[in-house]
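Colleague: I have just been handed this structure and would like to work through it slowly, one question at a time. Could you take me through its side-chain pairs, its strands and its surface?

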Amino acid sequence: MLAPNTTNPTSWIEKFSEGVNVGYRYWDAFHQKPLFPFGYGLSYAKVRYSHLSITRHRDGTRTARVTVTNRGRRAGTAVPQLYLHYPSDAGEAPWNLKGFEKTRLGPGESRTVSFTIDDRTLRVYDERTDGWKIVRGTYTVAVGSSSRDLREQERFVP
């Protein structure tokens, strides 16, 4: 809803009632099926995602790795996407895009794709404290070809 700004009549104040549920997050939060999900794309590759693993490093960061395989007869491009599901106390949308990696695969070719998960990836904004925080609880990492095609999942606790 647009409303005039009374202190500066040439500007407008916009109010957004959807909160964090914008774009693909809206469809997920309200269990609606879009015609073309976020990240949807076409490729000649028939891609399989497998062996998702999360490794914790001494510095506290994590690496999520997934194997991407072209099961088709033609070369093609895959764009594995990493989504994060926060604990319910975070107040976040069901799934949040945190990374993607475009990779070209020949017929039958496999490649391991890696994503870094650090403190910045896990933080959410807390309006009460006017700052960023990491919410306690279990996080879920998912990888797939779009926001509606999450094929591999792993959980971890920071």
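**Charged pairs**

Modeller: Asp126, Arg128 and Lys133 are linked in a network of salt bridges. Please keep in mind throughout that this is a predicted model.

Colleague: How many salt bridges does the count come to, and how far apart are the closest N and O atoms of Lys133 and Asp126?

Modeller: By the rule used here, which asks for a side-chain nitrogen of Lys or Arg within 4 Å of a carboxyl oxygen of Asp or Glu, the count comes to four salt bridges. Lys133 and Asp126 form one of them, and the distance between their closest N and O atoms is 3.5 Å.

Colleague: Which residue meets Glu109 in a salt bridge?

Modeller: Glu109 is partly exposed, at 27% relative accessibility, and its side chain takes part in a salt bridge with an N to O distance of 2.8 Å. The partner is likewise given as partly exposed, with a relative accessible area of 33%, and that partner is Arg111.

**Aromatic rings**

Colleague: What is the geometry of the pair formed by the rings of Tyr86 and Tyr139?

Modeller: A pair of aromatic rings is described by the distance of the centres and the angle of the planes. The count here comes to three aromatic pairs. For Tyr86 and Tyr139 the centres are 5.7 Å apart and the planes stand at 65 degrees, and because an angle over 60 degrees counts this way, the pair is edge-to-face.

Colleague: How many residues apart in sequence are the parts that this pair, Tyr86 and Tyr139, ties together?

Modeller: Tyr86 lies in the loop between strand 6 (81–85) and strand 7 (96–100), whereas Tyr139 belongs to strand 12 (residues 139–146), so the parts that the pair ties together are separated in sequence by 53 residues.

Colleague: Is Trp132 buried or exposed?

Modeller: The ring of Trp132 pairs with that of Tyr125, the centres being 5.3 Å apart and the planes at 70 degrees, so this pair is edge-to-face. Tyr125 counts as partly exposed at 39% relative accessibility. Trp132 has a relative accessible area of 56%, and as the cut-off is over 50%, Trp132 is exposed.

**Strands and their turns**

Colleague: Which residue of strand 13 stands opposite Ser146?

Modeller: Strand 12 and strand 13 pair in the antiparallel sense over seven bridges, and a hairpin of two residues joins them. Within this pairing, the residue of strand 13 that stands opposite Ser146 is Asp149.

Colleague: In which loop does Ser147 have its place?

Modeller: Ser147 counts as buried at 5% relative accessibility, and its contacts beyond four places in sequence include Tyr24, Pro37 and Tyr83. Its place is in the loop between strand 12 and strand 13 (149–156).

Colleague: In the hairpin of strand 3 and strand 4, which residue takes a positive phi?

Modeller: Strand 3 and strand 4 (residues 62–70) run antiparallel and are joined by eight bridges, among which Ile54 has Ala64 as its partner in strand 4. The hairpin has five residues between the strands, and the residue with a positive phi, near 95 degrees, is Gly60.

Colleague: How far apart in space are Gly76 and Pro107, C-alpha to C-alpha?

Modeller: Gly76 lies in strand 5 (residues 76–78) and counts as buried at 3% relative accessibility. Gly76 and Pro107 are 31 residues apart in sequence, and the C-alpha to C-alpha distance in space is 7.9 Å.

**A surface patch**

Colleague: What is the area of the nonpolar surface patch made by Leu35, Phe36, Tyr40 and Leu42?

Modeller: One of these residues, Leu42, lies in the loop between helix 1 (24–29) and strand 3 (47–56) and counts as exposed at 76% relative accessibility. Together with Leu35, Phe36 and Tyr40, Leu42 makes a nonpolar patch of about 540 Å².

Key:
Residues numbered from 1 in each chain as written. Predicted model: local features only at pLDDT ≥ 70, side-chain atom pairs only at ≥ 80, totals over all residues. Heavy atoms only, no water. Phe/Tyr/Trp six-rings, centres within 6.5 Å; stacked < 30°, edge-to-face > 60°. Helix = DSSP H or I, 4+ residues; strand = E, 2+ residues; numbered from the N terminus. Buried < 20%, exposed > 50% of the residue type's maximum accessible area, 1.4 Å probe, protein only. Contact = heavy atoms within 4.5 Å. Patch = residues over 30% accessible without salt bridge, like charges linked within 9 Å, V, L, I, M, F, W, Y side chains within 5 Å. Areas by Shrake-Rupley, 256 points an atom, 1.4 Å probe, with all protein chains shown as cover. Pairing = 2+ DSSP bridges.
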